[in-house]
Amino acid sequence: MTQPARRQPFVLSLLLSAMLLSGQALAAVSDQDILQDPKNPEQIVTNGLGVQGQRYSPLDILNVDNVKELRPAWAFSFGGEKQRGQQAQPMIKDGVMYMTGSYSRVFAVDARTGKKLWQYDARLPDDIRPCCDVINRGVALYGDLVFFGTLDAKLVALNKDTGKVVWSKQVADHKEGYSISAAPLVINGKLITGVAGGEFGVVGKISAYDPKNGDLLWVRPTVEGHMGYVYKDGKAIENGISGGEAGKTWPGDLWKTGGAAPWLGGYYDPETNLLLFGTGNPAPWNSHLRPGDNLYSSSRLALNPDDGTIKWHFQSTPHDGWDYDGVNELVSFNYTEGGKEIKAAATADRNGFFYVLDRTNGKFIRGFPFVDKITWATGLDKDGRPIYNEASRPGAPGSDPKGSSVFVAPAFLGAKNWMPMAYNRDTGLFYVPSNEWGMDIWNEGIAYKKGAAFLGAGFTIKPLNEDYIGVLRAIDPITGKEVWRHKNYAPLWGGVLTTKGNLVFTGTPEGFLQAFNAKTGEKVWEFQTGSGVLGSPVTWEMDGEQYVSVLSGWGGAVPLWGGEVAKRIKDFNQGGMLWTFKLPKDLVAKH
Amino acid sequence: MRLLAVLISAVWLCCQTVQAQVRNYDEMIAAGELKVAVYKDFAPYSFEQAGQPRGVDVELAEALAKALGVRLTLIWAPAGEKLDDDLRDYIWRASALHNQQLADLMMRVPYDRDYAQKRNEFGEMENGHVVMFGPYQNEQWQVAYDQRRLDKVGSVAVFDSHPIGVEVDSVPSFYLTSVFNGMLAGKTHHYPGVPQAFAAMKAGEVDAVMAMRGEIDWQVHEAADPQLALAQNAYPNMGKQLWEIGMAVHESNRQLAYAVEEALEGLIREGAVKTIYSHYGLRYDVPEMYQ
């Protein structure tokens, strides 16, 4: 259109307007797009490749035979000095890729060329208190907006074409210690987010907003005793106290500051119309101060997405004394047993047990260890409740002699941490990024906090094996059997993707993006990205070719630790790079 | 994530792109400016009132800067999970979250040999980058109570039946919820800070408040209510009953420590420090070193 004065032929302008119209129709992400996400391989509009979070792609252009021809198409640097842990999963819509970087940044990139379309940098205040690095785990898409949560606990909506702020809403006060690192999700026209920050004595909550304007729709506290609300015309209407009443599973008024932050966000199951969220550990950390189950800490919650009502809960670690957050993703899947279809959901907990629940009611179906060593519990009872080994509970600081120590496995970083597993519908297996480590916890001498003296506790994480910490495992959720394992020297901290092409992808802190045969565990491809891979890989189809993308950039919670784990990771460099690979068309048939 | 938070700030351990610079004494004098880290929102030690910096640490820092012939620049420090975090962020390594800014001097750091010499599991000094010196205040625990609802506090056992307010995630909270097998936990009420706990006492929600003596003295002073009394009870099983508060500099900056120490001793001996404490209704005991 460089010569606007020239008249266009009628047919051409008709065609153009038709294209523009269809372009608009394509551009807006609808509820239907979100619910159908796993079925449309040309776009990725949900975190988890589908609201259930299975991270399964039906694409098989790329498969275990031709994956060795997978090669870089382009790479994109996040730039700047802010090279920290990159943990997001990219989203793809209409040839544009959207993702977050460390320090609350958002990028939109041309998916064909890697050219940057726009970048948004949140202005962060000085006094943010992120728990575990300045990471972010991705965006949500809806309508023509891109949503993400910031380290200072805001939800921000950006225009997908310009990156300009359309609205911004404070979800919680960062000065109290709240932040947001998880990707929000949009379900039935509601934008839903959790918060991080339970360790600062705040109360966790899940909130829903109107994606159009950021109006609060409902809020559900995750600690027993707190009132939930729905909002109508700006007015708060009481919607029931979480857990019915205060003080049932907490002593004194500790429920007021109970923690249980749903900091990893959640997923959704359309078949039961339930949001599935996990919650963090209770506060205070010392379990001797809070006898009781401390609901709903270290639990999985099923919520009605319309008003945030809790439909059921399952607590993986009641009376948590080891910092086993219950935030890990609960992935919905169906299987057949005795001719009956079971609507199940599975989760691999920080505490070392893999749980299969009935997702219609939260009832425990089965559970089993998915790591080699668990010392804090000897097993699970018929309801899935842990059978504690009390000798493995850290003592009350000050009560035991200075220096007395207990060894506990898994370490508080978890048999599996935030990094999402994947479920392959063809193999029926879960691919779980796990870590084999334990921790020593001991009472130490005097410590100070803000001018006040107290007796502290010290701890250190220890690898259980000389030659590996990370183990990528293929786990059969029906039999509890491990079908294969692949060991990694450093702890695994990246998400997993699986495909119909009999492939499993995941990254390593050593910088490799790796592909495995989903059935056998044989490593079939790898690529060195230049920095540790903590992101969640995705795959999609564009112009008839299959692409794979992943973020590279070492950081996250693991480098926080001294001791023996630090020795394994101290030479890893920071990064901030988006890598995109493809299988060129002419190489598909070759194999 | 609680344990994570304890070590959180170690985030920056391996990954600083910009190395923060420790200024030596001569550079500090040449710049004509002493940068002092004080805790944020921590009345009566360091806080802002009507936009003005106030508090005993602020006034003492001003007096020290004046004695050194330089101007004072305050760095407001949100308290970390442990003092170790604050020392790392403001004295020796700096933090990307605070623009890599280091202070020359940090106030309200304990003067405690056991703490200063603390070693980690590898036998390394945990605070080897820091010199802790210059005790300027004694600190201890204190309960204030409302005589309209509580006659006296013979021992902490009265808080079995009388509600008591504490700051969330503070030592008084750990103490009252754990001592005597948690017997006092049911009557321990948690508030975001000591001022809110006092407001709750005024409103009749709690009969007493436990905090550090300076915080209690200031609140009692501000309340100007003759029915508020200071308890004389003991704190059985409390790890540390009495401790000294001093300052910290980087270990390469001992020259600054000596200069500050000399200035401080003068201020203590001439009574200037006691006067500063009196501005906030605080008792002042001269630390043992100067007696």
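In strand 16 of chain A, A:Glu238 is the residue that stands opposite A:Tyr229, strands being DSSP runs of E with at least two residues, numbered from the N terminus. This is a predicted model, in which local features need pLDDT of at least 70 and side-chain atom pairs count only at pLDDT 80 or more, while totals for chains, interfaces and linings use all residues. Residues are numbered from 1 along each chain as its sequence is written, and chains are lettered from A and ligands numbered from 1 in the order in which they are written.

Strand 15 (residues 227-232) of chain A is joined to strand 16 of chain A by five bridges, and the two run antiparallel; two strands pair if DSSP finds at least two bridges between them. Both belong to an open sheet of six strands, in the order 11-12-13-14-15-16, with antiparallel pairing. At its edges are strand 11 (185-187) and strand 16 (235-241) of chain A, each of which pairs on one side only.

We turn now to an annotated site. The UniProt annotation "binding site", from an unreviewed entry, covers A:Arg137, A:Asn417 and A:Trp418, although such annotations may be inferred rather than shown by experiment. These residues are spread over 282 residues of sequence, yet they cluster in space, with a largest C-alpha distance of 13.4 Å.

A:Asn417 is found in the loop between strand 27 (405-408) and strand 28 (422-424) of chain A, and A:Trp418 lies in the loop between strand 27 and strand 28 as well. A:Asn417 is buried because 25 other C-beta atoms lie within 10 Å, where buried means 20 or more such atoms within 10 Å of the residue's own, placed from the backbone. A:Trp418 is also buried, with 29 other C-beta atoms within 10 Å.

Conventions: Helices (H or I, at least four residues) and strands (E, at least two) are DSSP runs, numbered from the N terminus. A residue is buried if 20 or more other C-beta atoms lie within 10 Å of its own, exposed if 12 or fewer, and partly exposed in between; C-beta atoms are placed from the backbone.
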